[in-house]
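Visitor: Before we start, please show me what we are going to discuss.

Guide: Here are the sequence and the model.

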Amino acid sequence: MLTVHHLGKSQSERIVWLCEELGIPYELKRYARDPVTMLAPPDYKALHPTGTAPVITDGALVLAESGAVVEYIIGKYGNGRLAPKPDHPDYAQFLFWFHFANGTLQAQMGRNMILNRLNLAADNPMLVATKARVDRSFDLIDARLREASHLAGDALTSADIMIVFSLTTMRYFLPYDLGRCPNIKSYLGRIAARPAYQRAMEKGDPGMALLLA
């Protein structure tokens, strides 16, 4: 049985959403963050040597890393859904945005979050440079969503599932004003209207206000 180990307010929300979009059977086990440190509890950290979310178990398999988990589930259970094939005209866009999500955007936001916690001067060169990189990434996404309804084209793919966490829940850890990104705001409105997304967020993080604007 596929089990999604979901840490509240974490990248594992992607996996819950993926399973709901695919309509596959899975067990959801929820874990709460420490209310003081906001870190994962010991039993979550013990699931995998990385100690990070997401983690899935599938029989004897224990797998971490968002991209790996998404590809595994799509490959084993997806029947070709949510990932265009190499001969599809949107394949290159799909690959770029799928890997951009964690390879660039989430990494930049994570570095910016850490620097913000160091109480550096607002004009600190490293802080200024890191914030500028985050801004450029949001601008790039906004420009793409001016051209297409979803990142890979006209249809939702797992590239969207990978990136939405950074545009929404990650902003609990690194506040970001979307006022300068009208196309991202419209895009998040389309995501919010998806029944699978609604089910996933209610199951995984019930009661959490969704940062969709």
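Visitor: Leaving aside neighbours within four places in sequence, which residues is Thr169 in contact with?

Guide: Thr169 is in contact with Lys9, Glu13, Met201 and Met208. Contact means heavy atoms within 4.5 Å. A note on the source: this is a predicted model, in which local features need pLDDT of at least 70 and side-chain atom pairs count only at pLDDT 80 or more, while totals for chains, interfaces and linings use all residues. Residues are numbered from 1 along each chain as its sequence is written, and side-chain values use heavy atoms, with hydrogens and water left out.

Visitor: Why is Thr169 called buried?

Guide: Buried means under 20% relative accessible area, exposed means over 50%, and partly exposed is in between (1.4 Å probe, protein chains only). Thr169 has a relative accessible area of 3%, so it is buried. Its place is in the loop between helix 6 and helix 7. Helices here are DSSP runs of H or I with at least four residues, strands are runs of E with at least two, and both are numbered from the N terminus.

Visitor: What makes Thr157 count as buried?

Guide: Its relative accessibility is 7%, so Thr157 counts as buried. Thr157 sits in the loop between helix 5 and helix 6. Not counting residues up to four places away in sequence, Thr157 touches Leu82, Pro84, Phe94 and Ala152.

Visitor: Why is helix 1 described as largely enclosed by the rest of the structure?

Guide: Of its 10 residues, 10 are buried, so helix 1 is largely enclosed. Among the buried residues of helix 1 are Glu13, Arg14 and Trp17. Just after helix 1, Gly23 takes a positive phi of about 65 degrees.

Visitor: What makes a set of residues a nonpolar core?

Guide: The set must consist of buried Ala, Val, Leu, Ile, Met, Phe, Trp, Tyr and Cys residues joined through side-chain atoms within 4.5 Å. The largest such core has 54 residues, of which Ile73, Phe138, Ile141 and Ile163 touch the most other members. Several elements each supply at least two residues of this core, including strand 1 (2–7), helix 3 (66–77) and helix 5 (125–147). The largest share, 8 residues, comes from helix 4. In soluble globular proteins, nonpolar side chains tend to be buried together.

Visitor: Which residues does Ile73 touch, not counting residues up to four places away in sequence?

Guide: Ile73 touches Leu2, Ile15, Leu18, Cys19, Leu22, Ile24, Ile56 and Gly78. A second, separate core of 7 residues includes Tyr31, Ala40, Tyr44 and Ala64.

Visitor: How do you know that Asp58 forms a salt bridge with Lys76?

Guide: A salt bridge is a side-chain nitrogen of Lys or Arg within 4 Å of a carboxyl oxygen of Asp or Glu. In this pair the closest N and O atoms are 3.1 Å apart, and Asp58 forms a salt bridge with Lys76. Asp58 lies in strand 3 (residues 55–58) and Lys76 in helix 3, so the pair ties together parts that are 18 residues apart in sequence. Asp58 is buried at 9% relative accessible area, whereas Lys76 counts as partly exposed at 47%.

Visitor: Why does the pair Asp139 and Arg180 tie together parts of the chain?

Guide: Asp139 lies in helix 5 and Arg180 in the loop between helix 6 and helix 7, so the parts tied together are 41 residues apart in sequence. The closest N and O atoms of this salt bridge are 2.4 Å apart. Asp139 is partly exposed at 36%, and Arg180 is partly exposed at 39%.

Visitor: What separates Arg144 and Glu147 in helix 5?

Guide: They are 3 residues apart, so about one helical turn separates them. Their side chains meet in a salt bridge (3.3 Å, N to O). Arg144 counts as buried at 11% relative accessibility, whereas Glu147 is exposed at 63%.

Visitor: How many salt bridges does a search of the whole structure find?

Guide: The search finds 7 salt bridges. Glu20, Arg199 and Lys203 are linked in a network of salt bridges.

Visitor: Why is helix 4 called roughly antiparallel to helix 5?

Guide: The two helices pack at an angle of about 150 degrees, with their axes 9 Å apart. Axes are lines fitted to C-alpha atoms, for helices over the stretch in contact, and angles run from 0 to 180 degrees between N-to-C directions. Angles under 35 degrees count as roughly parallel, over 145 as roughly antiparallel, 65 to 115 as roughly perpendicular and the rest as oblique. Helix 4 is therefore roughly antiparallel to helix 5.
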